[in-house]
Amino acid sequence: MPYSANEYLQTWMMHRGAILDLLEKLPDDKGDFAAWEGGMTFTKMVDHLSGATLNLTGMMAGRERVKLEPSASLSSAGSRLGEATQTVQKRISEMTDEGLSTQVFAFGTQMPAYKLIEFLINHDAHHKGQLWLMTRMIGLEPPRFVKVG
């Protein structure tokens, strides 16, 4: 495995921290905004990030998939994302080198657990880009692209 659990966690938090900072700037009344017809709204995307992070790290521990109910508002989705972030931070920080290299079944194949963390990092970066574009589309300036420190 290329990195320690702490290094993976720091890399993921550069993206997740920036997303959490963005959510502090977004007005709740923009939660239903979507960049294109059929696209995810701010609220749905934030809910998606919560579910994906819990499920990806849950796969590493053999947990059952969770299905989250849609949030009633952008602010409630943001609160849920904050809670999911804390849960995932704990899960990753507790992983040992052995746990990171343990084979897990995901996406139809066997892979080491650290590959799911790498996927999680890429997944957050992908949706962060969409959130930044959507934020500009509603006339707001997003925060710095990554959170360092």
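Predicted model: local features only at pLDDT ≥ 70, side-chain atom pairs only at ≥ 80, totals over all residues.
The crossing in which α1 passes α2 is left-handed. On the α1 side the contact is made by Trp-12, Arg-16, Ile-19 and Leu-23, which meet Val-46, Leu-49 and Thr-53 of α2. Sorted by class, this contact of α1 with α2 holds five nonpolar residues, one polar residue and one charged residue.

Side chains of opposite charge can pair when their charged atoms come close. Across the whole structure a search finds six salt bridges, and one of them joins Lys-147 to Asp-21, with the closest N and O atoms 3.2 Å apart. This pair links distant parts of the chain, since Asp-21 lies in helix α1 whereas Lys-147 lies in the segment after α5 (113-137), 126 residues apart. Lys-147 is partly exposed, at a relative accessible area of 36%, and Asp-21 is likewise partly exposed, at 23%.

Within helix α5, Lys-115 and Glu-118 sit three residues apart, about one turn of the helix, and they form a salt bridge whose closest N and O atoms are 3.6 Å apart. Lys-115 is partly exposed with a relative accessible area of 37%, as is Glu-118 with 22%. A further salt bridge connects Glu-141 with Arg-136, the closest N and O atoms being 3.7 Å apart; here Glu-141 is exposed, at 52% relative accessible area, while Arg-136 counts as partly exposed, at 46%.

Definitions and conventions: Residues numbered from 1 in each chain as written. Heavy atoms only, no water. Left-handed = near helix turned anticlockwise from the far one by under 90°. Helix = DSSP H or I, 4+ residues; strand = E, 2+ residues; numbered from the N terminus. Contact = heavy atoms within 4.5 Å. Nonpolar A, V, L, I, M, F, W, Y, C, P; charged D, E, K, R; others polar. Salt bridge = Lys/Arg side-chain N within 4 Å of Asp/Glu carboxyl O. Buried < 20%, exposed > 50% of the residue type's maximum accessible area, 1.4 Å probe, protein only.
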